[in-house]
Amino acid sequence: MKIAILGGDGFCGWPTALHLSAAGHEIHILDNLSRRWIDTELGVQSLTPMDSIQERTRVWHAETGRRIHFHLIDLARDYERLKSWLAGERPDAIVHFAEQRAAPYSMKSDRHKNYTVDNNVNATHNLLNALVEIGLDAHLVHLGTMGVYGYSTVGAAIPEGYLPVTIETADGGAATQEILYPSNPGSIYHMTKCLDQLLFQFYARNDGVRITDLHQGIVWGTHTPETRRHPQLVNRFDYDGDYGTVLNRFLIQAAIGYPLTVHGTGGQTRAFIHIRDSVRCIEIALENPPDRGGRVAIFNQMTETHRVRDLAGIVASITGARIAHLPNPRKEMAENDLVVKNGKFLGLGLDPTLLRDGLLSEIVDVAKKFAYRVDRTRVPAVSAWTRDIAPLLDHDPEGLRLRSVS
Ligand code: NAD
Ligand code: USQ
């Protein structure tokens, strides 16, 4: 297949591009490199040293003989360029990663809220609009988030996208239908993914666009077999308070002797998936497109759930790290359970990579290797969800603001 990977320079997109290229597909990365600019804005860098996208693709060619093509296009702003690229290349499938994906970044200020909404909603809408305009029947696979559901289970497992509901009719009877599971976003970023869902629902029904929406949990790990092939193919690895995600952050914190930054009691339960499985799920989704005219196919792309304080406990037991309980910068439930259905991917052959000591230690080793690149002042999460929370988050990189350390 000819596959366009939108956002293919990012943490999930790069290993996906390599994996699909290795599998024999013709790969085109479209990216505006905004994520690299955000690193500059925040004064941070990936833990792992990343080469330019041109150098990365050159090394991939030298290693494998296979080409990955790169196109510098802003999906949110360059509508005409996007449309003419799609019309000229006519890919068979499109994988859409190209959004601002950090919840804390999306909550930093009014400017960051505007940027996240403008960027994410326009990127998705421009893409759908262009597909219809040029009459391109490419299968669109989008990376959504488990956060569209919120994280409360109300005592029942979260289904894969749709919820059967029974509504009382005017004549006293009952009508049953399946609706999108009610959205319950916890940040501006997560809200944009809820808006994406509605755009997909409309374009699938109105124009027959074939869409798969993957509601992905938190991705952990860094290497895939392809990124291991050469040091310059290494994946990016975020550890800072905005872009670092919880388990990867804990592993780096352990490696540099920083207390593990648990928010509040650490009672938040979240869904997780290893980067190797994330890449594999996208491949499976590409192999199983929905029918034209059918509804959006939705998969829960996660393999296990964990409570934040349990993760901290596991990392501490492997590494000897201290655990810190910090004031929570977010407005979120202090404690929640989470049960998620993920039978669709399992049924299509996903063999989950579960959180095991071996893989965790491997990441600690990567973190130790590149620890000299870590700026400790960028570790704390200082993006407050509300004005009331902000004063609780005095910037104190070495942990003096910790409520307690165990
Ligand atoms: P990332 O920030 O590392 O990568 C996103 C890429 O998209 C970047 O290279 C960026 O430059 C590009 N991009 C952003 N806006 C663009 C635009 N307007 N035009 C062109 N390119 C643009 O993020 P990631 O961690 O790789 O996540 C990829 C996708 O997966 C996101 O949509 C995210 O919401 C979703 N996701 C990620 C995780 C996770 O834990 N990382 C979990 C669930 C879902
Ligand atoms: N947390 C801590 N300490 C930290 C960092 C986070 O306790 O140092 C807590 C947070 O308060 C939150 C949980 O860990 O309760 C998860 O935070 P996170 O930053 O790991 O994940 P999140 O903000 O939800 O976002 C990440 C990705 C996003 C993706 C989402 C999937 O950045 O792109 O959509 O995971 S999910 O969480 O399933 O919605």
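Which residue just after helix 8 takes a positive phi? Gly257 does, with a phi of about 70°. This is a predicted model, in which local features need pLDDT of at least 70 and side-chain atom pairs count only at pLDDT 80 or more, while totals for chains, interfaces and linings use all residues. Residues are numbered from 1 along each chain as its sequence is written, chains are lettered from A and ligands numbered from 1 in the order in which they are written, and side-chain values use heavy atoms, with hydrogens and water left out. Helices (H or I, at least four residues) and strands (E, at least two) are DSSP runs, numbered from the N terminus.

**Ligand 1**

- Around ligand 1 there are 28 residues, and Cys12, Asp31, Asn119, Tyr189 and Lys193 are the closest. A residue is near a molecule or strand if one of its heavy atoms lies within 4 Å of it.
- By class, this shell holds 12 nonpolar, eight polar and eight charged residues. Ala, Val, Leu, Ile, Met, Phe, Trp, Tyr, Cys and Pro count as nonpolar, Asp, Glu, Lys and Arg as charged, and the others, Gly among them, as polar.
- Helix 2, strand 5 (139-145), helix 7 and strand 9 (218-220) each supply at least two residues of the shell around ligand 1.
- An oxygen atom of ligand 1 lies 2.9 Å from a backbone N or O atom of Phe11, and an oxygen atom of the ligand is 3.1 Å from a polar backbone atom of Arg35. A polar contact is a pair of N or O atoms within 3.5 Å; within protein, one must be able to donate a hydrogen and the other to accept it, and residues adjacent in sequence count only if both atoms are side-chain atoms.
- With Arg101 the side chain takes part: one of its N or O atoms is 2.8 Å from an oxygen atom of ligand 1.
- Ligand 1 taken alone exposes 830 Å², and the protein buries 97% of that. Accessible areas come from the Shrake-Rupley method with a 1.4 Å probe; for residues, only the protein chains shown count as cover.

**Ligand 2**

- The shell around ligand 2 has 23 residues, of which Tyr189, Val246, Thr261, His263 and Glu332 come nearest.
- These shell residues divide into eight nonpolar, 10 polar and five charged.
- An N or O atom in the side chain of Arg249 lies 2.8 Å from an oxygen atom of ligand 2.
- On its own ligand 2 has 740 Å² of accessible area, and the protein covers 96% of it.
- Helix 7 (188-207), helix 8 (246-256) and strand 10 (260-263) are the elements that give two or more residues to this shell. Strand 10 gives the most, with three residues.

- Helix 8 is largely enclosed by the rest of the structure, because 11 of its 11 residues are buried. Buried means under 20% relative accessible area, exposed over 50%, partly exposed in between (1.4 Å probe, protein chains only).
- Among the buried residues of helix 8 are Val246 and Arg249.
- Arg35 belongs to helix 2 (residues 34-42) and is buried, at a relative accessible area of 15%.
- Not counting residues up to four places away in sequence, Arg35 touches Arg236, Asp238 and Tyr243; contact means heavy atoms within 4.5 Å.
- Helix 6 (residues 110-134) has 25 residues and reaches 35 Å from its first C-alpha to its last, close to the 36 Å expected at 1.5 Å a residue. The expected span is 1.5 Å times one less than the number of residues.
- Ser109 caps the N-terminal end of helix 6, with a side-chain oxygen 3.2 Å from the backbone nitrogen of Arg111.
- Just after helix 6, Gly135 takes a positive phi of about 65°.

**Loop residues**

- Leu33, in the loop between strand 2 (26-31) and helix 2, has a phi near 60°, a positive value in a residue other than glycine. Leu33 counts as buried, at 18% relative accessibility.
- Arg90 is in the loop between helix 4 (79-89) and strand 4 (93-96), and its phi, near 45°, is also positive. At 38% relative accessibility, Arg90 counts as partly exposed.
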